[in-house]
Amino acid sequence: MTTSVHAMVPTPGSSRGGRGRGRRPLAALAGLLAAAVALGAAELVAALVGPASSPVIAVGDKAITLTPEPVKAFAIRTFGENDKIALVVGTLAVIAVYAVVVGLVGLRSRRLGALGIALFGLVGAVAAITGPAGAPLDALPSLVGAAAGVAALFALLAPLTAPVRSPAPVPSADPAGHADERTVDRLREVLGSGDRKGAALDRRRFVLTSGMALGAAVVTGGGGRLLQRRFDVAGDRAALRLPTPSSAAPALPAGADLAPGIDGLTPLFTSNREFYRVDTAISVPRIRPADYRLEMAGMFDSPRSYTLADLFERDDLVERDITLTCVSNEVGGGLAGTARWIGIPLAAVLRENGIRAGSDQLLCRSEDGMTIGAPTRSALQVDDAMLAFGMNGEPLPVEHGFPVRMLIPGLYGYVSACKWLVRIEATTFDAVDAYWVQRDWAAEGPIKIASRIDTPAPLREFPAGRRAIAGVAWAQTRGIATVEVRVDDEDWAEARLSPEVDADLWRQWVLPYDFTPGRHSLTVRATTVDGEVQTEARATPFPAGSSGWHTIQVVAA
Ligand SMILES: Nc1nc2c(c(=O)[nH]1)N[C@H]1C(S)=C(S)[C@@H](COP(=O)(O)O)O[C@H]1N2
Ligand SMILES: [Mo]
């Protein structure tokens with residue numbers, strides 16, 4: 001297809017080359033501008049329909065769903081929390097390349113060019129409709145965008161192949177004949193027939209049309225994005241007042257946080273701004289507090305539903321400190337964070353709905369359709385498992401699941417921490433696989449013991465002499481008993497730990513050490529309260545979480 005298309009494009013130096021020189025770059029530009037017009041129009045319509053119906057978002061979302069797990073893991077590793085920006089940039093880059101091809105093809109055949117844009121609109125429409133929360137109306141932005149794109153492509157290509165003005169009619173010639181020829185030229189121009197003898201390049205008109213197209217794209221695209229802010233829930237969130245929990249978090253012992261005295265050590269609590277974020281949502285679900293409903297379904301004797309007010313007004317609210325960890329965290333990685341959460345004990349909610357004995361999985365559904373399967377046993381038995389709506393003294397940030405999410409200490413987030421939670425279905429692991437399990441991640445995800453060196457930073461030179469080696473270690477629900485550090489081939493040395501606050505919280509550790517000048521290797525390992533020593537055996541995050549000791553090379557000058 002590409003080769004045949006290529007062959008159809010006139011080569012410079014052909015008989016028409018004299019007039020058409022430089023047309024192909026302009027046609028490529030026409031394709032890009034037509035794409036911009038299409039995307040702009042789509043953003044404007046998406047402002048009416050909903051942000052997830054925007055073709056870039058919908059196609060990007062689809063890409064996440066369809067991307068093979070190793071590629072996704074690579075993206076998270078490479079781009080970290082910028083993985084979504086990278087995906088949107090990547091989607092736009094693919095569209096740009098496609099648009100250039102459409103422009104070049106369109107130069108030769110308007111119909112093929114139009115078909116190319118229509119095809120792209122179709123892809124966007126299908127992606128939007130079949131998205132996790134897709135509705136038929138979600139096709140509209142892509143379709144309107146494609147129509148606008150085709151119109152723009154025609155308008156932009158016209159000046160590249162404008163019919164040559166016929167010489168002034170010679171009195172004796174048949175005037176009707178000339179008119180006919182011009183009409184035929186026009187028709188050819190519009191229909192894009194291959195034969196456009198005498199077509200000329202009208203640069204002035206091209207520049208003018210390009211300017212208009214660019215203007216239209218910027219105004220509709222920018223305007224659309226602006227109007228999409230009406231879906232924003234930041235205002236509603238700011239206006240919410242968190243209820244006071246009847247059971248406050250246990251008071252912190254004096255000196256609970258070692259970070260203030262040690263440069264580079266992770267603070268005991270992670271601010272909402274600093275908290276890691278991992279999810280599949282390019283466009284974050286935006287739920288208005290007034291519209292929020294939590295539905296219980298499946299294996300319950302008397303399933304009911306809750307409004308946000310129902311949840312806020314309860315008298316069994318708790319406040320707890322919990323360290324959350326992602327299964328994708330590499331040894332030494334930063335996908336872990338600690339916050340003070342406010343919520344409702346999960347077991348109480350499950351019991352008041354009459355959870356049946358046969359259920360071993362809670363299929364938790366997020367507003368955007370993603371599912372997380374949590375073990376029912378853990379939900380019922382793990383202390384401090386909760387439906388959380390407060391994080392570090394504020395309503396959950398929108399990126400972290402506003403207004404309600406689940407938390408089960410001791411389990412990785414992908415099997416326990418459903419954000420934007422709208423439905424809990426009591427079911428079994430046999431009956432249904434949740435999103436990540438469909439992608440071959442382990443069905444049950446207990447957090448593995450982990451310890452990390454935060455300071456000194458690897459390979460950044462520091463002056464020789466005494467300095468703190470420090471970091472954090474976690475083994476939620478079990479608790480960290482000891483952390484040991486090994487420098488080069490010396491014996492393991494026991495680090496000092498921050499005071500134990502709760503088994504669900506990580507602990508900071510610090511070991512002052514006299515560094516001789518030169519390169520040193522540092523290794524850390526932790527032991528749980530119940531006596532398990534962190535294994536040296538390396539495992540990758542896929543499919544059940546990483547393991548192995550964190551080792552870094554440092555240089556003292
Ligand atoms: N709705 C939804 N909830 C989700 C996810 C998601 O992709 N969608 N990701 C899970 C994963 S893998 C983790 S580690 C935690 C991360 O929570 P955070 O982004 O608040 O740190 O959320 C979990 N909850
Ligand atoms: Mo995760």
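Predicted model: local features only at pLDDT ≥ 70, side-chain atom pairs only at ≥ 80, totals over all residues.
Residues are numbered from 1 along each chain as its sequence is written, chains are lettered from A and ligands numbered from 1 in the order in which they are written, and side-chain values use heavy atoms, with hydrogens and water left out.

Grid points are joined across faces, edges and corners, and a volume is the space filled by probe spheres set on the points. The structure holds 7 cavities of 30 Å³ or more. The largest cavity has a volume of about 370 Å³, and 30 residues line it, with Val278, Asp279, Ile372, Gly413 and Tyr414 nearest its centre. Helices (H or I, at least four residues) and strands (E, at least two) are DSSP runs, numbered from the N terminus. Both α5 (69-79) and β5 (318-325) supply at least two residues of this lining, and α5 gives the most, with 4 residues. The lining comprises 17 nonpolar, 6 polar and 7 charged residues; Ala, Val, Leu, Ile, Met, Phe, Trp, Tyr, Cys and Pro count as nonpolar, Asp, Glu, Lys and Arg as charged, and the others, Gly among them, as polar. Because domain 1 (10-165 + 189-229) and domain 2 (259-438) both give residues to the lining, the largest cavity lies between them. These domain bounds come from an automatic or database domain assignment.

The second largest cavity contains about 140 Å³ of space. It is lined by 20 residues, of which Asn329, Glu330, Ala450, Trp474 and Ser546 are the closest to its centre. Its lining divides into 7 nonpolar, 10 polar and 3 charged residues. Domain 2 (259-438) and domain 3 (450-556) both contribute to this lining, so the second largest cavity lies between them. Strand β13 (residues 450-455) provides the largest share, 3 residues. In β13, 6 of its 6 residues are buried, where buried means under 20% relative accessible area (1.4 Å probe, protein chains only). Strand β13 pairs with strand β14 (residues 465-474) in the antiparallel sense over 5 bridges, two strands being paired if DSSP finds at least two bridges between them. Ala450 has Trp474 of β14 as its bridge partner.

Open spaces were also identified. A pocket is an open set of points with protein on both sides within 12 Å along at least five of seven lines. The largest pocket holds about 890 Å³ of space. Among the 41 residues that line it, Ala52, Ala133, Pro285, Glu367 and Asp368 are the closest to its centre. The largest share of this lining, 5 residues, comes from α4, which spans residues 55-66. The lining of the largest pocket draws at least three residues from each of domain 1 and domain 2.

The second largest pocket has about 740 Å³ of space. Its lining has 27 residues, and the closest to its centre are Ile57, Arg225, Ile282, Ser283 and Arg286. By class, 12 residues of this lining are nonpolar, 5 polar and 10 charged.

Note on methods:
1 Å grid on protein atoms, 1.4 Å probe; cavity = no way out; pocket = protein on both sides within 12 Å on 5 of 7 lines; lining within 4 Å. Buried < 20%, exposed > 50% of the residue type's maximum accessible area, 1.4 Å probe, protein only.
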